[in-house]
Amino acid sequence: MKKDNTIKAHPSWLADELELRCLTPEDRATHEAMSEVIYEALPSKKWLIPMTEEEYDDTYSDENEDVVYGIFEGERLVATSSLLHDVRAYAVNLELEEVLKHPCIEIGESMVLPEYRGNGLMLRLNTLIKEEAKRQGIRYMLATAHPDNIASNTSLQHLGYKIIKEFTRAGKRRNLLVLDLKEE
């Protein structure tokens, strides 16, 4: 698991009682617990495809280059977003054949506890992901969002993502979104 050493614990956009940091393997259980809370609170369970145990194992391994940003209030994790390097699941999308020949990452596990939504935390975290992807020499950023999840789709589009198509992933409808960092 990689750490972004450029972030500040208290950037100007973050409320004083909150702290930003990169998650470490010691934060895995906290991350999983927050994901479960969010999943249970969703208006539709179709909106989130939770990470599997294998995906958590991969992301939280010491050898992995993934970066997971977290916002905490005290010891409570209230928001996360992850830069994930394993994009093999996207290979089924023929529209991405050329894209996948270049360095790619996926934004995943982007979520905010319900009581903290509406404060721009997701957009800020995903902006950090975008900056880290550029530092790593990534060309394309990939994402999926349920078509009915307006907040997720809008946040990604504010970052510059374009919806390519609707498809099915893990048995659930998804918009496939792509951001070309060279066009930035």
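Predicted model: local features only at pLDDT ≥ 70, side-chain atom pairs only at ≥ 80, totals over all residues.

Visitor: Is Arg 28 buried or exposed?
Guide: Arg 28 is buried, because its relative accessibility is 16% and buried means under 20%.

Visitor: Which side chains make polar contacts with the side chain of Arg 28?
Guide: One is Glu 32, at 2.9 Å. Another is Glu 53, where the side chains meet in a polar contact of 2.8 Å.

Visitor: And what does Arg 28 touch, leaving out residues up to four places away in sequence?
Guide: Arg 28 touches Glu 53, Tyr 56, Asp 57 and Tyr 60.

Visitor: Let's follow Glu 53. Where is it?
Guide: Glu 53 is in helix 2, which covers residues 53-59.

Visitor: What is Glu 53 in contact with, neighbours within four places aside?
Guide: Arg 28 and Glu 32. So Arg 28 turns up again, this time from the side of Glu 53.

Visitor: How far is Glu 53 from Glu 98?
Guide: Their C-alpha atoms are separated by 30 Å. Along the chain, Glu 53 and Glu 98 are 45 residues apart.

Visitor: In which sense do strand 1 and strand 2 pair?
Guide: They pair in the antiparallel sense, over five bridges. Strand 1 is residues 18-22.

Visitor: What stands opposite Tyr 69 in these pairings?
Guide: Cys 22 stands opposite Tyr 69 of strand 2. On strand 3, Ser 81 stands opposite Tyr 69.

Visitor: How many bridges join strand 2 to strand 3?
Guide: Seven, and these strands run antiparallel. Strand 3 is residues 76-84.

Visitor: What do strand 2 and strand 3 form?
Guide: A hairpin, with two residues between the strands. Gly 74 is in the turn and has a positive phi of about 65 degrees.

Visitor: Which residues other than glycine have a positive phi?
Guide: Glu 109 is one of them, with phi near 50 degrees. Ala 170 is another, at about 50 degrees.

Visitor: Where do Glu 109 and Ala 170 lie?
Guide: Glu 109 lies in strand 4, residues 104-112. Ala 170 is in the loop between strand 6 (162-169) and strand 7 (172-180).

Visitor: Buried or exposed, for each?
Guide: Glu 109 is buried, with a relative accessible area of 7%. Ala 170 is exposed, with a relative accessible area of 60%.

Visitor: What does Glu 109 touch, residues up to four places away not counted?
Guide: Its contacts include His 31, Ser 35, Ile 49, Pro 50 and Met 51. Also among them are Tyr 56, Thr 80, Ser 81 and Ser 82.

Visitor: Which side chain makes a polar contact with the side chain of Glu 109?
Guide: The side chain of Tyr 56 does, at 3.3 Å. Tyr 56 is also among the residues that Arg 28 touches.

Visitor: How far is Glu 109 from Tyr 39?
Guide: Their C-alpha atoms are separated by 11 Å. Along the chain, Glu 109 and Tyr 39 are 70 residues apart.

Visitor: What lies over the face of Tyr 39?
Guide: Lys 45 does, at 5.6 Å from the ring centre.

Visitor: And what sits over the ring of Tyr 90?
Guide: The charged end of Arg 169, 4.9 Å from the centre of the ring.

Visitor: How many aromatic pairs are there?
Guide: A search of the whole structure finds one.

Visitor: Are Cys 22 and Cys 104 buried or exposed?
Guide: Cys 22 is buried, with a relative accessible area of 4%. Cys 104 is buried too, at 8%.

Technical notes: Residues numbered from 1 in each chain as written. Heavy atoms only, no water. Buried < 20%, exposed > 50% of the residue type's maximum accessible area, 1.4 Å probe, protein only. Polar contact = N/O pair within 3.5 Å; in protein donor to acceptor, adjacent residues only side chain to side chain. Contact = heavy atoms within 4.5 Å. Phe/Tyr/Trp six-rings, centres within 6.5 Å; stacked < 30°, edge-to-face > 60°. Lys NZ or Arg CZ within 6 Å of the ring centre and 35° of its normal. Pairing = 2+ DSSP bridges. Helix = DSSP H or I, 4+ residues; strand = E, 2+ residues; numbered from the N terminus.
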